[in-house]
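Subject: Structure handover

Hello,

Here is the structure I promised to pass on. Please open it first, then read my notes below.

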Amino acid sequence: MASILGLSALFVCFPFFSSSPFRHSFTLSSCLQSRADIPSATTWDPPSSMTTGLDQVWARTLQENPNWSDDKNWIMDQLIANNGSINYCVRWNTAAHKSTASDRTKIEAGLQRSLKKWFDTLVGFDGFPLTTLAVKVVGYATKDKSMIEGDTSAIDVYTTVDADGVPECDPRCYRAAHLDGDLSGCPSGAAGRYDISLWLDESLEGQNAGYGYNWGEELAPDYVLDNLDTENIHILQHEMGHGFGLLDFYDWVPEGQTSFVMMAGSAMEVTEFDAWMLRDWWRRLKAVRRW
Ligand SMILES: *[C@@H]1O[C@H](CO)[C@@H](O)[C@H](O)[C@H]1NC(C)=O
Ligand SMILES: *[C@@H]1O[C@H](CO)[C@@H](O)[C@H](O)[C@H]1NC(C)=O
Ligand SMILES: [Zn+2]
């Protein structure tokens with residue numbers, strides 16, 4: 001996979017990338033459009049230039065994920081269950097970087113900022129009931145507590161690992177493992193609940209690549225730490241899109257579209273086409289869930 005982040009000499013919009021299942025690599029095309037503000041929408045009324053593409057995307061969604069609504073842990077489910085509050089656990093699986101208190105503040109702000117790019121496209125749309133998003137990092141998991149420097153009084157620090165030996169926050173505090181809402185087994189109580197994880201993994205160090213689903217986003221530690229002040233942390237935005245159920249577009253392009261964040265490498269931020277794909281999920285999930 002390529003990991004060149006930069007401008008090439010191409011003069012056409014041509015995203016190019018490589019992929020294995022669930023892995024998302026980013027080689028940026030030369031035609032990265034900055035998003036004009038995404039117009040808000042109150043009803044399903046996408047621009048005519050997008051309607052065919054959106055129909056194609058949904059047909060493909062049903063093909064790739066026929067049981068799309070069986071999963072009760074999409075970020076949309078997390079938002080509705082928690083009234084707009086999303087708690088993160090950070091899995092600090094890197095020996096090369098220590099976590100400082102100031103970086104932790106910025107990571108929380110970056111998660112809030114990035115998820116809000118998606119969230120804001122839903123505010124006011126078709127009965128979406130929320131207007132406020134509140135992202136909080138409640139825990140860090142690490143192999144060695146000394147990696148988490150500074151004041152840790154406001155977070156839980158875990159040194160437990162998953163079956164693969166990767167640090168993870170206590171599964172007793174993980175919402176998806178307790179969809180009945182009973183988190184009474186969580187040692188730090190309801191405040192220790194986490195909905196999703198940001199996983200910084202040393203295996204991705206130096207790579208513009210990531211993995212994402214509704215369990216969270218796995219990214220390169222250096223990519224995240226180097227981009228804490230970046231307005232659009234585009235790989236994070238892309239992986240968050242998968243947490244809402246959105247697809248990859250490695251082998252096809254919806255009609256008329258050239259640039260959107262879920263087509264890896266073709267856009268640096270959530271675009272209007274991304275917004276309409278998300279709104280499509282909202283209206284369909286809303287109908288099935290009776291929200
Ligand atoms: C979808 O759900 C049905 C019924 O639960 C199951 O039989 C089928 O294997 C599932 N399909 C996929 C692709 O997971
Ligand atoms: C949901 O969140 C909003 C905004 O933060 C708040 O005003 C409201 O009281 C909350 N509702 C419930 C039921 O917690
Ligand atoms: Zn992807």
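How many bridges join E5 to strand E7 (residues 216–219)? Four, and the two strands run parallel. Leu198 stands opposite Glu217 in E7.

Some ground rules. This is a predicted model, in which local features need pLDDT of at least 70 and side-chain atom pairs count only at pLDDT 80 or more, while totals for chains, interfaces and linings use all residues. Residues are numbered from 1 along each chain as its sequence is written, and chains are lettered from A and ligands numbered from 1 in the order in which they are written.

Overall layout

The protein chain has six helices and seven strands. Helices (H or I, at least four residues) and strands (E, at least two) are DSSP runs, numbered from the N terminus. Along the sequence the pattern is β-α-α-β-α-β-β-β-β-β-α-α-α. The chain has 291 residues, and 41% of them count as buried. Buried means 20 or more other C-beta atoms within 10 Å of the residue's own; exposed means 12 or fewer; partly exposed is in between; C-beta atoms are placed from the backbone. Take the contacts between residues at least 6 apart in sequence: 65% join residues at least 24 apart. A contact means that the two C-beta atoms, placed from the backbone, lie within 7 Å.

The sheet

The seven strands form an open sheet with mixed pairing, in the order E1-E6-E7-E5-E2-E3-E4. Strand E1 (24–25) and strand E4 (156–158) stand at the edges; each has a single partner strand, so one side of each lacks a neighbour in the sheet. Strands pair if DSSP finds at least two bridges between them. Strand E2 (residues 85–93) pairs with strand E5 (residues 196–201) in the parallel sense, over six bridges. Within E5, Trp199 is the bridge partner of Arg91, and Leu200 stands opposite Trp92.

Helix H3 (residues 101–119) packs on the sheet and touches E2, strand E3 (134–142) and E5. The directions of H3 and E3 make about 135°. H5 also packs on the sheet, touching E1, E5, strand E6 (209–213) and E7. Its direction makes about 25° with that of E6. For these angles, axes are lines fitted to C-alpha atoms, for helices over the stretch in contact, and angles run from 0 to 180 degrees between N-to-C directions.

Helix H1

Helix H1 (residues 48–64) has 17 residues. From first C-alpha to last it reaches 25 Å, close to the 24 Å expected. That expected span is 1.5 Å times one less than the number of residues. Which residues of H1 are buried? Met50, Leu54 and Val57. They lie on the same side of H1, because they cover an arc of only 60° around the axis. The arc is that of the directions from the helix axis to the C-beta atoms. Ser48, Ala59, Leu62 and Gln63 are exposed, on the face turned away from the buried side. Helix H6 (272–289) is included in what covers the buried residues.

A loop residue

Asn227 lies in the loop between helix H4 (221–226) and helix H5 (234–243). Asn227 counts as partly exposed because it has 18 C-beta neighbours inside 10 Å. Its C-alpha is 9.5 Å from that of Ile107, 120 residues apart along the chain.

Best wishes
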